[in-house]
Amino acid sequence: MEIAKITSKGQVTIPIDIRRKLGVKEGDKILFVEEEGKIYILNASMEALRKAQAAFAGEAQRVGLKDTNDVVAMIKELRRERKEK
């Protein structure tokens, strides 16, 4: 458990151990999420990545990609099609 003090401008310094666990550094953005009366602080970039991963879940199987070789082949085909246009 960590404690931080709020300044007169409403600013808080996030303790170093918490910043490390969140994987944030100067200039990064954090996200405040309220769930069931509790407030959570998340690394905004990591949360965006998790949401993107969730949105794409199952898409590889849906289009028939079974492994990395299938992905590479699909990318090469798309690049060929793009060059032909």
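Student: What is the relative accessible area of Arg80?
Tutor: Arg80 has a relative accessible area of 45%, so Arg80 is partly exposed. The terms are set as follows: buried is under 20% relative accessible area, exposed is over 50%, and partly exposed lies in between, with a 1.4 Å probe and protein chains only.

Student: What kind of model is this?
Tutor: This is a predicted model, in which local features need pLDDT of at least 70 and side-chain atom pairs count only at pLDDT 80 or more, while totals for chains, interfaces and linings use all residues. Residues are numbered from 1 along each chain as its sequence is written, and side-chain values use heavy atoms, with hydrogens and water left out.

Student: Back to Arg80, then. Which helix holds Arg80?
Tutor: Arg80 belongs to helix H4. Helices (H or I, at least four residues) and strands (E, at least two) are DSSP runs numbered from the N terminus.

Student: Which residue forms a salt bridge with Arg80?
Tutor: The partner is Glu77, and the closest N and O atoms of the pair are 2.9 Å apart. A salt bridge here is a side-chain nitrogen of Lys or Arg within 4 Å of a carboxyl oxygen of Asp or Glu.

Student: Why are Glu77 and Arg80 separated by about one helical turn?
Tutor: Because Glu77 and Arg80 are three residues apart in helix H4, which covers residues 68-84, about one helical turn separates them. Glu77 is partly exposed at 35% relative accessibility.

Student: How many salt bridges does the count come to?
Tutor: The count comes to five salt bridges. One of them joins the side chains of Arg20 and Asp17, at 3.9 Å from N to O. Both residues sit in helix H1 (residues 16-22), three residues apart, which is about one turn of the helix.

Student: New topic, the fold. How many helices and strands are there?
Tutor: The protein has four helices and two strands. Along the sequence the pattern reads α-β-β-α-α-α.

Student: What is the radius of gyration?
Tutor: The protein has a radius of gyration of 21 Å, whereas a compact globule of 85 residues would be near 12 Å. The radius is taken over C-alpha atoms, and the globule rule is 2.2 Å times the number of residues to the power 0.38. The C-alpha trace spans about 60 × 30 × 20 Å along its principal axes. Of the 85 residues, 8% count as buried.

Student: What separates the C-alpha atoms of Arg80 and Ile18?
Tutor: A distance of 47 Å separates those C-alpha atoms, and the two residues are 62 residues apart along the chain. For Val71 and Ala60, eleven residues apart in sequence, the C-alpha to C-alpha distance is 8.6 Å. Val71 is in helix H4.

Student: What does UniProt place at residues 1-46?
Tutor: According to UniProt, the feature there is "domain: SpoVT-AbrB", from an unreviewed entry. Over residues 1-46 the chain is 22% helix and 26% strand, and the end C-alpha atoms lie 22 Å apart.

Student: Where is Glu36 found?
Tutor: Glu36 is in the loop between strand E1 (30-35) and strand E2 (38-43). Its phi is near 50 degrees, a positive value in a residue other than glycine. Most residues other than glycine have a negative phi. Glu36 counts as exposed, at 84% relative accessibility.

Student: Last one. Which residues line the largest pocket?
Tutor: The lining consists of Glu2, Ile3, Ala4, Val12, Ile14, Pro15, Ile18, Ile30, Phe32 and Ile41. A pocket is an open set of points on a 1 Å grid over the protein atoms alone, where a 1.4 Å probe fits and protein lies on both sides within 12 Å along at least five of seven lines; lining residues have an atom within 4 Å of a point.

Student: How do the residues of that lining divide?
Tutor: Nine are nonpolar, none is polar and one is charged. Here Ala, Val, Leu, Ile, Met, Phe, Trp, Tyr, Cys and Pro count as nonpolar, Asp, Glu, Lys and Arg as charged, and the others, Gly among them, as polar.

Technical notes. UniProt positions renumbered as here; feature names shortened; annotations may be inferred.
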